[in-house]
Amino acid sequence: MSLKIDNVSVIYPAADGRPPVAALSEINLEIVEGEFVVALGASGCGKSTLLNLIAGFLSPSTGSLVLDGRTVSGPGADRAVVFQKHALLPWLNVIDNVAFGLEIQGIAKQARHKTANEFIQLLGLDGFQNSPVYKLSGGMQQRVGIARALTCDPKVLLMDEPLGALDALTREKAQELILKIWGETRKSVFFITHSVEEALFMGTKLIVMSPRPGRITHVFDLPFSRLFQSGAPARQVKASPEFIALREKVLNIIFADEEAVE
Amino acid sequence: MTDPVSSKGPGLLARLARARPTKPGEIYGVPGQGNTFWLSIASVLVLLFIWWLVTALGLVKPLFVPSPQAVVKKFIQIWNEGFTNTPFLEHVLISTFRVFGAFLLACAIGLPLGLAMGMSPLMRGIFDPPIEFYRPIPPLAYLPLMIIWFGIGETSKVLLIFLSVFAPIVLGARSGVKSAAIEQIHAAYSFGATRWQVMRHVILPSAMPEILTAMRVGIGFGWTTLVAAEMVAATKGLGYMVLSASQFLQTPVVIMGIFVIAIIAFGFDLLMRFLERRLVPWKGRM
């Protein structure tokens with residue numbers, strides 16, 4: 001698996017007398033097999049635009065996105081999206097939500113429930129198969145969303161601030177759960193977050209983006225998620241001097257961007 | 001001796017103007033929360049009592065407001081003997097048939113049309129002007145046209161009711177299309193769904209609450225139009241019964257007819273509310 005984003009720009013046309021806006025400018029990025037790429041940046045830096053491009057919801061003004069030799073020209077089952085919220089279907093119970101992608105692909109009920117059950121186990125949702133999703137807590141709803149994205153065996157998992165709506169404790173548990181699943185499934189991940197700590201802890205590669213025009217200003221290779229996967233406790237990883245030093249460095253970049261905007 | 005005012009706390013007006021702390025289990029500040037069942041029962045009983053009292057004291061002539069007993073007596077008499085040589089239940093059935101026939105027809109045409117208008121600018125562009133044009137016109141205004149075009153038979157009656165039910169159902173289905181969150185739609189597309197699958201699996205189910213509400217509103221309009229539809233050349237039906245009774249100043253029959261229409265309409269509304277709870281228990285919860 002490899003996703004190549006080559007010199008991509010997105011320019012929103014002029015409207016209401018305002019000049020055209022460059023949401024993204026000359027983005028170059030490659031995501032290879034098993035990589036966990038985290039995008040971080042001040043609001044308006046184009047993180048979500050970039051995710052929408054990869055998902056195929058948006059086409060670039062210039063440049064190209066190529067996934068395994070094929071140009072991305074629309075959404076497809078090889079790229080699954082996990083949204084921040086509002087994306088589950090409340091008229092379906094947990095198992096049918098998880099199996100939704102398979103239903104769209106015309107898989108028979110028994111087969112899709114079997115697959116769905118595997119991912120329900122993986123996400124620790126066993127016993128809730130028949131619960132209505134609107135009665136679950138926010139953290140469990142998000143796990144349903146992740147399970148649903150995984151059932152169709154996508155090449156890339158696109159996560160748009162998936163933990164943004166969760167409380168701090170649930171969020172840390174969810175981070176560890178996502179890393180565990182990433183370790184087991186070896187998916188490539190593109191992950192958007194507002195939290196510097198989350199970004200450093202989870203990614204293998206961090207891209208820091210700046211607004212006006214949206215662009216990638218810094219790229220860091222990160223060791224911390226591998227440390228966690230090889231057995232180091234999460235809190236110990238997050239408390240290590242290397243982690244804290246990098247956190248301060250990235251925070252400085254982002255605060256400088258925020259001030260430049262104001 | 002303590003000051004009686006200060007021991008009572010703030011004055012009555014101040015207490016009414018400000019929200020009070022809630023009981024455990026309620027949420028502070030939710031507008032209009034609280035169970036109204038017993039209050040509603042009491043309200044109905046009080047109204048019945050006032051009605052009875054006014055007539056029993058002879059404050060109003062029976063021609064204007066007959067007593068409850070007279071209405072019940074009339075009901076039993078018509079139940080047993082019929083009205084204008086037609087059994088009472090036949091009046092009920094024929095009116096119910098007209099309203100529900102028109103309602104089902106309006107659902108069968110209006111729901112797909114409304115959904116199509118919500119989905120496609122082409123359909124919206126074509127059908128929005130005629131529907132918005134006729135929607136605010138009172139059915140009585142176009143009743144003569146219906147009769148000129150479709151005669152005095154069943155067609156013009158059902159069609160008149162149909163038109164009054166049709167507009168709210170189309171509008172409900174049309175705005176229901178917008179209920180689906182864009183994330184839900186994107187999720188379906190990202191699994192490779194076709195437009196048709198998105199419609200069937202996401203947009204239609206999420207439009208259900210609005211569609212059911214539109215159906216409730218629509219059937220209400222249907223009963224409202226019933227009397228107008230049965231004004232001309234009808235010999236059966238509840239609307240006809242009320243109108244012809246009024247011409248002979250049989251006020252008890254008029255009031256009894258009004259009650260029968262209200263009870264049938266209310267019964268159907270209860271059924272729709274029950275369906276709503278069964279079909280869309282998730283309404284407003286996600």
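Predicted model: local features only at pLDDT ≥ 70, side-chain atom pairs only at ≥ 80, totals over all residues.

Reader: Is B:Ile137 buried or exposed, and why?

Author: Exposed, because its C-beta has 12 others within 10 Å, and 12 or fewer counts as exposed.

Reader: Switching topic: what is the mean confidence for chain A?

Author: Chain A has an average pLDDT of 89, and 99% of its residues reach at least 70. The lowest part is helix H10 (residues 241-261) of chain A with a mean of 86, while helix H2 (residues 94-98) of chain A is highest at 94.

Reader: How is chain A divided into domains?

Author: Into domain 1 (2-78 + 156-261) and domain 2 (86-153). Their C-alpha centres are 25 Å apart.

Reader: How many residues are in contact between those two domains of chain A?

Author: Eleven from domain 1 of chain A meet eleven from domain 2 of chain A. On the domain 1 side, helix H6 (residues 168-185) of chain A gives the most, five residues. That side of domain 1 of chain A has nine nonpolar residues, two polar and no charged ones.

Reader: What about the sheet in chain A, what's the strand order?

Author: It's an open, antiparallel sheet of four strands, E2-E1-E4-E5 (chain A). Strand E2 (21-32) and strand E5 (70-71) of chain A are at the edges with a single partner strand each, so each has one side without a neighbour in the sheet.

Reader: How many bridges join E1(A) and E2(A)?

Author: Eight, between strand E1 (residues 2-12) of chain A and E2(A), running antiparallel. One pair to look at is A:Lys4, whose bridge partner in E2(A) is A:Glu30.

Reader: Now the two chains. How many residues are in contact there?

Author: 18 residues of chain B contact 21 of chain A. On the chain B side, helix H9 (182-190) and helix H10 (195-229) of chain B each supply at least two residues. H9(B) gives the most, with seven. By class, the chain B side has ten nonpolar, six polar and two charged residues.

Reader: Which residues of H9(B) are buried, then?

Author: B:Gln184, B:His186, B:Ala187, B:Ala188, B:Tyr189 and B:Ser190. The buried residues of H9(B) pack against helix H1 (47-55), strand E6 (79-82) and helix H3 (100-104) of chain A, along with H10 of chain B. After H9(B) comes B:Gly192, with a positive phi near 85°.

Reader: And the largest nonpolar core, which residues touch the most other members?

Author: A:Ile54, A:Leu158, A:Phe190 and B:Val165, in a core of 136 residues. H10(B) gives the most to this core, 15 residues. Domain 1 (2-78 + 156-261) and domain 2 (86-153) of chain A each put in at least three.

Reader: What does A:Leu158 touch?

Author: Leaving out residues up to four places away in sequence, A:Leu158 touches A:Leu51, A:Ile54, A:Ala55, A:Arg79, A:Ala80, A:Val81 and A:Phe190.

Conventions
Residues numbered from 1 in each chain as written. Chains lettered and ligands numbered in written order. Contact = placed C-beta atoms within 7 Å. Nonpolar A, V, L, I, M, F, W, Y, C, P; charged D, E, K, R; others polar. Domains from an automatic or database assignment. pLDDT = per-residue confidence, 0-100. Pairing = 2+ DSSP bridges. Core = buried A, V, L, I, M, F, W, Y, C linked by C-beta atoms within 7 Å. Buried ≥ 20, exposed ≤ 12 C-beta atoms within 10 Å, placed from the backbone.
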